[in-house]
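Dear colleague,

I am handing over the structure we spoke about, and I would be glad if you could look through it alongside the notes below.

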Amino acid sequence: MVHPTAESHDAIIIGAGFAGLYAVHALRNQQAKDVIAFDAAGDVGGTWYWNRYPGARVDIESVHYSYSFDEDLQQEWHWTERFPAQPEILRYLEHVADRFDLRRSIRFNTRITSLTWDDDESLWTATTDAGEVHVARWVISGAGTLSVPKKPEFGGIENFAGETYTTGNWPHHEVDFAGKRVGIIGVGSSGIQAVSEIAKQAGHLTVLQRTPNYATPIGNYATDPAEEAAEKADYAALREASRNHFLGVPYSDVQPSAVAATLDERREVFDDRWNRGGFRLFIDAYGDILFDHEANDTVAQYIRDRIHERVDDPATAELLAPRGYPYGTKRPPLETDYYEAFNRPDVDLVDVKSNPIEAVTEGGVRLADGTELAFDVLVLATGFDACTGPLLAMNVTGRRGRTLKEHWADGPQTYLGLMAAGFPNLFMITGPQSPSVLYNMPLAIEDHVDFSVAAISHVEEQGRAVIEPTPEAEQEWVAHTNELAQATLLPDSPTSWYMGKNVPGKPQRVLVYLGGAPTYRARCDEVVAAGYEGFAISDRHSDRAFA
Ligand code: N01
């Protein structure tokens, strides 16, 4: 039964980042739906609201990492850098919110605490931490993929007498590192970006590294007016090329095979991609890097050699050089002067793989061998409960009282990474088992929101009220995504969050679709063309599809 004080809407939207903002625009401004959106943050921005740590910067060129849905917006907005820093991306999202008048539909500082499907009414009920109850036929979740910070395995953080910061939940005030002993735990994309900046500011910086990473230069530069004009002259073609690329960027120089190339040819290609920056070395060098160990070894060795060239002390360089897992099986970080930071006399590297962190203490960090490291400031760059974490945190209950947690007990189960069987009318933007983080996010988001809005229209045009994947379609999709992952080197990484391996106890199943954005988009088009193949569409009050 619907809660007596519930507010009723056509759709509930979760999040006010790239996904939530576009969903509000697409459903409210373009489809005239009554929508309400929620975000735990104090304003728009999503990832770019929370991740304010020093050095936070996008690592896909913003000319590509931006909305494509409005030609005037993409023509008029000017990016000052090729890879802008967090404040500029946040300004962009604030501008989008103003331009399309989105804020009036968003409740900020409000977290969804439960989301429950009513089988009788065919409605979702959302409760919030403000004690409000909202009811809607449709839910679009833009809760994000990397929005729930992982709880570190070591304890004692509450005992630390100094200042503690988490990269994924950085305060709005300026953090003063001057003259302080700073310890940073974690060398993923966040830690690596933060190290380059904090090293310049801290009295002394200690980097606690468990698994060294294959970081490569981002290659940032101030926007070149001629390049910008050329790109804007035919933005539509640029977007089309992006959407037809595995990673959603219009790179076009990938060579077939590193193994088939000679040593000199490889060196030339690797040097070129390294110097041009971005994800070129990862995705625009050789097509077999993610699939073939021998091919992967060539680029892995290349990166190790480059690290040794940049780091003065050979022992430190060797500790920074990743070994024992293939390049690209952990998400490759992009850096600016990261390796050079270790040439400073006031920066130390500590190996916490051979000597793990045992606990945070009042004065700093204690390692397994009893070593005490003293800090004034501790920065946690220890990552996220990726992809599934944000959805599970909302306490979702679907048909017949079955929770999403139960449904995903052995890992995520979705159809197209967008919906789950038994959870009708709930669209998970860039959900688990979709290309999401392996596709340029704003474009991945637009594709998913467009699919969701079109599906809603399709159902309503038929005078129906409910859409959900069939269990069979879901099982096939899960098997397909697992099969794709097994054909790559991804399962070989011991700690990658792509596989759910970074969080103790998390089921280890691939969290991303590895067939590439173009194949994925073609599959979505086929599904629609075949009359929403794999989905059951039914009437209100009906449980017929699963009777
Ligand atoms: O998190 P991570 P992140 N003791 O999981 C270490 C996106 N992003 O926040 O590898 C010691 O990559 C852990 O060590 P190990 C991007 O998609 C994008 O950096 O598990 N260390 C690792 O070094 C990225 O992939 C940008 O052995 C511990 C680190 O913490 C994703 O967000 C910028 C530990 C976590 O690395 C996540 O990146 C930033 C422990 N107990 C982020 N537990 C852009 O540029 C964990 N670690 C757009």
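This is a predicted model: local features need pLDDT of at least 70, side-chain atom pairs count only at pLDDT 80 or more; totals for chains, interfaces and linings use all residues.

The protein chain is divided into domain 1, which takes in residues 7-148 + 386-538, and domain 2, which covers 183-380. The C-alpha centres of the two domains lie 28 Å apart, and in the contact between them 48 residues of domain 1 meet 48 residues of domain 2.

The largest nonpolar core holds 128 residues, of which Leu205, Leu416 and Ile467 touch the most other members. At least three residues of this core come from each of domain 1 and domain 2. Apart from this core lies another, made up of 22 residues, including Val139, Met394, Val396 and Phe423. As for Leu205 itself, if residues up to four places away in sequence are set aside, its contacts are Val182, Ile184, Val195, Ile198, Ala199, Asp346, Val347 and Asp348.

Turning to the helices, the axes of α7 (residues 235-243) and α15 (residues 441-461) come within 11 Å and cross at roughly 85 degrees; angles of 65 to 115 degrees count as roughly perpendicular, and α7 and α15 are therefore described in that way. On the α7 side the contact involves Arg239, Ser242 and Arg243, which meet Leu443, Glu446 and Asp447 of α15. Sorted by class, the residues in this contact are four charged, one polar and one nonpolar.

With best wishes

Technical notes. Residues are numbered from 1 along each chain as its sequence is written. Side-chain values use heavy atoms; hydrogens and water are left out. A nonpolar core is a set of buried Ala, Val, Leu, Ile, Met, Phe, Trp, Tyr and Cys residues joined through side-chain atoms within 4.5 Å. Buried means under 20% relative accessible area, exposed over 50%, partly exposed in between (1.4 Å probe, protein chains only). Domain bounds come from an automatic or database domain assignment. Contact means heavy atoms within 4.5 Å. Axes are lines fitted to C-alpha atoms, for helices over the stretch in contact, and angles run from 0 to 180 degrees between N-to-C directions. Helices (H or I, at least four residues) and strands (E, at least two) are DSSP runs, numbered from the N terminus. Angles under 35 degrees count as roughly parallel, over 145 as roughly antiparallel, 65 to 115 as roughly perpendicular and the rest as oblique. Ala, Val, Leu, Ile, Met, Phe, Trp, Tyr, Cys and Pro count as nonpolar, Asp, Glu, Lys and Arg as charged, and the others, Gly among them, as polar.
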